[in-house]
Structures are given as structure tokens and as C-alpha cells.
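Please open the structure in a viewer and follow the selections below in order. Each stop names what to select and then describes what is there.

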Amino acid sequence: VELYELDLDGFPVAVVSDCRWRMRDLFSRKWLRKHSLNVSACIPQRGVVVFDAPQWKDLSLSDRIEGWLAFTRNTTKGLWQSPSPPSAWALALNGHYAELDTDWSCHGLGREMMSIQEGWELRHG
């Protein structure tokens, strides 16, 4: 299925989800539960996204993302467990998205470095 033909089944976006990371891996479980967020939701990648603009607007997702950005900017401890700052994108979507096939994953394409093995495979196929 081409991306422009994709049925989002009522979801505001379709993304590749990265289930190597779940909300519980990045954020405090206690905090997630307090805010009624899905502890087990996979983290949505942002490389390729298909939007249903009317659905996005109806769910006020831009406002939610901006709200989480403001909240996390003013939060100093107790929210996230990872060394990287939390993702307002993941918090706003909270597992509420259609899944794209992993063939659409762009994870790792923007890195500045690659391993020796990756370089060898790139050079020698």
C-alpha cells in the first residue's frame, strides 16, 4: 500500500513504532499512571509520518505537544528515567496511532558515525 492510500482507521497519524523503547523505559511509571498515560506504549518514530489533518486538528494534537513541551521544560526531576529529555511527541500520541510497516523506518539514518561492521557492509555489500 502506498502511503497516500493508507487507511489510518480513525487515528490522527501513522508511524513506525519502536518497541525497543516503551513509555515505561523513558518515563517514571508512577508519573505515567498519575497522568493516565499508557505505560506499555511503544515509542513512535518521527522519520516518516502520515497525517490525517482533520483528525489531528479534532484531537488538538499540536496543542497537546506544545503543552507537554512547556510542562517538560519546567520539570526538573521525577518525570523521565532516560538520560535524554522526554518526547512531547510520544506523550501527546500516547500510543494512539496507526502503525506503518518497519520498511518505512528511518531509525539511525541521520547518525554522524557508523560501526566498522556497518561500514564494511556498506562498502562490500
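**A helix and its aromatic neighbours**

Begin with helix α4, whose buried residues are covered by elements including α2 (29-34), α3 (53-58) and α5 (88-93). The model is predicted: local features need pLDDT of at least 70, side-chain atom pairs count only at pLDDT 80 or more, and totals for chains, interfaces and linings use all residues. Residues are numbered from 1 along each chain as its sequence is written, and side-chain values use heavy atoms, with hydrogens and water left out. Helices are DSSP runs (H or I, at least four residues), numbered from the N terminus.

Next, select Leu61, Ile65, Trp68 and Thr72, which are buried in α4. Buried means under 20% relative accessible area, exposed over 50%, and partly exposed in between (1.4 Å probe, protein chains only). These four cover an arc of only 65° around the axis, which puts them on the same side of α4; the arc is that of the directions from the helix axis to the C-beta atoms. Turn to the face away from this buried side to find the exposed residues Asp63, Glu66 and Arg73.

Now select Trp31 and Trp68. Their ring centres are 5.4 Å apart and their planes stand at 70°, so the pair is edge-to-face. Rings of Phe, Tyr and Trp (its six-membered ring) pair if their centres lie within 6.5 Å; planes under 30 degrees apart count as stacked, over 60 as edge-to-face and the rest as tilted. Trp31 lies in α2 and Trp68 in α4, so the pair ties together parts 37 residues apart in sequence.

Definitions and conventions
Helix = DSSP H or I, 4+ residues; strand = E, 2+ residues; numbered from the N terminus. Contact = heavy atoms within 4.5 Å.
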